[in-house]
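The paragraphs below go through a structure chain by chain and contact by contact. Please keep the sequence and the coordinates open while reading.

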Amino acid sequence: MSAFLAVLLTLVAVSATVTVLIREPVRQAIVLGIMGLFLALLFFTLQAPDVALSELTVGSLVIPVMLTLTIAKLRALDARGDEAQEDEDEESRG
Amino acid sequence: MRPRYIIGLVGIGLLVAALAWAATGLPAFGHYNQAYGRVAARDAVPTRNGTNSVVITSFDYRGFDTLGEEFILFVSVTGVVVLLRRMRSAGREEDSAASSGEIEEEDMRASTGERWLGAAAVGPVAVLAAYVIIHGQLTPGGGFQGGTVLMGAAAFLALGGESALMLRIRGSSSPIEIAESIGAGGFAAIAFGGLIAGGVFFFNFLPYGKAGLLTAGVVPLDNIAVGLEVAGALLMVTSELFEQRLRGGAT
Amino acid sequence: MGIYPYLVAAWLAGVGFYGVITSRNYVHLVVCLTVIQASTYVLLLSVGFVNGGQAPIFADVPSTSVVVDPVVQALSLTDVVVEATVMALLLALVVQAKKRFGNVDPDSVNRMRG
């Protein structure tokens with residue numbers, strides 16, 4: 001087993017640990033993209049170009065885009081919830 | 001710490017220890033020696049006349065597994081659409097007509113550089129995606145990879161600021177939905193065609209040909225079907241989330 | 001060390017499960033599920049590796065050369081794309097949960113009833 005493969009495996013393990021330990025979803029999306037990149041390199045080294053192609057496109061394009069869209073939607077729901085709450089308060093007061 | 005966390009950590013520790021112990025029973029890394037894999041690798045090229053044995057394995061020898069995965073794709077996209085479309089109609093009653101008009105105009109005013117870059121990127125990426133899909137049985141690639149690249153080409157439309165265009169091509173019986181359904185149905189139809197032609201589900205009934213573009217029987221058609229479905233599914237999911245962000249956001 | 005890749009796969013699974021159990025945000029939980037999925041891909045591909053083997057694409061090598069196993073690669077490559085869509089379904093559920101319960105904290109959701 002070559003040293004390159006061992007280093008790549010360790011990088012994957014370290015980036016996965018960092019992904020789990022970060023609690024903020026926006027930062028997690030970025031680190032998840034980095035982990036996807038290391039995974040794709042690992043799959044290339046394990047002589048699996050098809051899987052590496054899939055992982056590269058999915059892990060760097062699809063998953064971070066979906067995550068950031070969801071986070072934006074959650075924040076928008078927050079803003080609308082605050083507005084609705086204010087309107088309700090005004091109505092109940094007035 | 002709560003007792004639930006402690007029990008959870010103990011459980012995880014046991015799981016990792018059990019997995020590590022099981023790993024010692026596997027053959028050492030690099031000494032894979034199973035007959036099925038060796039036969040699949042050795043026989044894919046002579047019998048099917050393709051050169052990418054991974055794609056041939058996944059669409060011909062293990063076509064049933066790929067059919068199951070396709071249906072997982074289809075069902076999850078249906079789930080996403082059902083969940084988020086009901087939300088969208090509930091939210092639309094709260095938006096006034098004026099505010100939704102404002103949202104469309106604001107998003108259309110992307111900078112000129114963004115729009116040029118997005119427009120310039122869509123064409124080459126779409127051609128690349130079609131290349132990857134069609135050449136699945138010859139080089140690394142195939143339906144799944146090419147489908148995601150095709151979704152990327154369409155995502156450039158949204159990133160280039162043409163959000164109004166994206167909103168318009170969505171909606172029920174839009175081209176994206178039709179493409180996805182054709183892909184899923186086409187894959188199943190090819191499988192049934194194998195049943196009719198050869199008496200076995202997923203029988204490879206087209207002639208094999210020489211090692212060129214049209215080889216390996218039904219695998220090119222399968223690749224196209226899967227590519228359509230994956231691209232359609234990912235586009236539908238992303239545009240559902242995207243539309244949520246547009247309609248629910250800028251008030 | 002002949003079993004280092006399998007240990008890395010086990011470690012990824014353990015770390016992912018730890019993230020799921022101690023999660024305070026549903027989106028963080030979905031990302032930890034992605035880490036668990038990554039561990040299965042690493043395990044599958046490491047099982048199929050052959051020392052000195054080439055990629056199982058025979059475009060320019062004769063079909064009798066030593067290659068790695070194509071079956072596990074076929075399983076992994078369909079899985080990668082499909083799991084992304086399943087993650088989308090989970091994210092749609094998270095958005096619905098936020099709409100119903102007002103926040104995305106797993107621990108506070110089951111204290112609200114009705």
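In this predicted model, 34 residues of chain A are in contact with 41 residues of chain C, where two residues are in contact if their C-beta atoms, placed from the backbone, lie within 7 Å. On the side of chain A that touches chain C, the elements giving two or more residues are helix 1 (3-21), helix 2 (25-45) and helix 3 (49-93) of chain A. Helices (H or I, at least four residues) and strands (E, at least two) are DSSP runs, numbered from the N terminus. Helix 3 of chain A supplies the largest share of this side, 16 residues. By class, the side of chain A that touches chain C holds 23 nonpolar, 7 polar and 4 charged residues; Ala, Val, Leu, Ile, Met, Phe, Trp, Tyr, Cys and Pro count as nonpolar, Asp, Glu, Lys and Arg as charged, and the others, Gly among them, as polar.

Residues are numbered from 1 along each chain as its sequence is written, while chains are lettered from A and ligands numbered from 1 in the order in which they are written. Because the model is predicted, local features need pLDDT of at least 70 and side-chain atom pairs count only at pLDDT 80 or more, whereas totals for chains, interfaces and linings use all residues.

Chain C also touches chain B: 51 residues of chain B are in contact with 45 residues of chain C. Two or more residues each come from helix 1 (3-23), helix 2 (35-48), helix 3 (53-61), helix 4 (63-92), helix 7 (143-159) and helix 10 (219-249) of chain B. With 12 residues, helix 4 of chain B gives the largest share of the side that touches chain C. The classes on this side of chain B are 31 nonpolar, 16 polar and 4 charged residues.

The largest nonpolar core has 122 residues. Such a core is a set of buried Ala, Val, Leu, Ile, Met, Phe, Trp, Tyr and Cys residues joined through C-beta atoms within 7 Å. A residue is buried if 20 or more other C-beta atoms lie within 10 Å of its own, exposed if 12 or fewer, and partly exposed in between, with C-beta atoms placed from the backbone. Val12(A), Met66(A), Leu12(C) and Leu45(C) have the most contacts inside the core. Helix 3 (residues 70-101) of chain C gives the most to this core, with 16 residues. Leaving out residues up to four places away in sequence, Met66(A) touches Val237(B), Thr238(B) and Leu241(B), as well as Met87(C), Ala88(C) and Leu91(C).

Chain A has 3 helices and 0 strands, in the order α-α-α along the sequence. Of its 94 residues, 47% are buried. Ile30(A) lies in helix 2 of chain A and is partly exposed because 14 other C-beta atoms are within 10 Å. Its C-alpha atom is separated by 9.0 Å from that of Thr19(A), 11 residues apart along the chain. Gln47(A) sits in the loop between helix 2 and helix 3 of chain A, and it is buried because 22 other C-beta atoms are within 10 Å. The phi of Gln47(A) is near 60°, a positive value in a residue other than glycine. Most residues other than glycine have a negative phi.

Chain B contains 10 helices and 0 strands. Buried residues account for 40% of its 251 residues. Among contacts in chain B between residues at least 6 apart in sequence, 74% join residues at least 24 apart. Helix 6 (residues 112-134) of chain B has 23 residues, which at 1.5 Å a residue should span 33 Å, and the end C-alpha atoms are 34 Å apart, which agrees; the expected span is 1.5 Å times one less than the number of residues. This helix bends by about 25° at Val122(B), with a proline, Pro124(B), following within four residues. The bend at a residue is the angle between axes fitted to the seven residues ending there and the seven starting there. Ala129(B), Val132(B) and Ile133(B) are the buried residues of helix 6 of chain B.

Chain C has 4 helices and 0 strands. Its radius of gyration is 19 Å, well over the 13 Å that the globule rule gives for 114 residues, so chain C is more spread out than a compact globule. The radius is taken over C-alpha atoms, and the globule rule is 2.2 Å times the number of residues to the power 0.38. Along the principal axes, the C-alpha atoms of chain C fill a box of roughly 65 × 30 × 15 Å. Buried residues make up 58% of the 114 residues in chain C.
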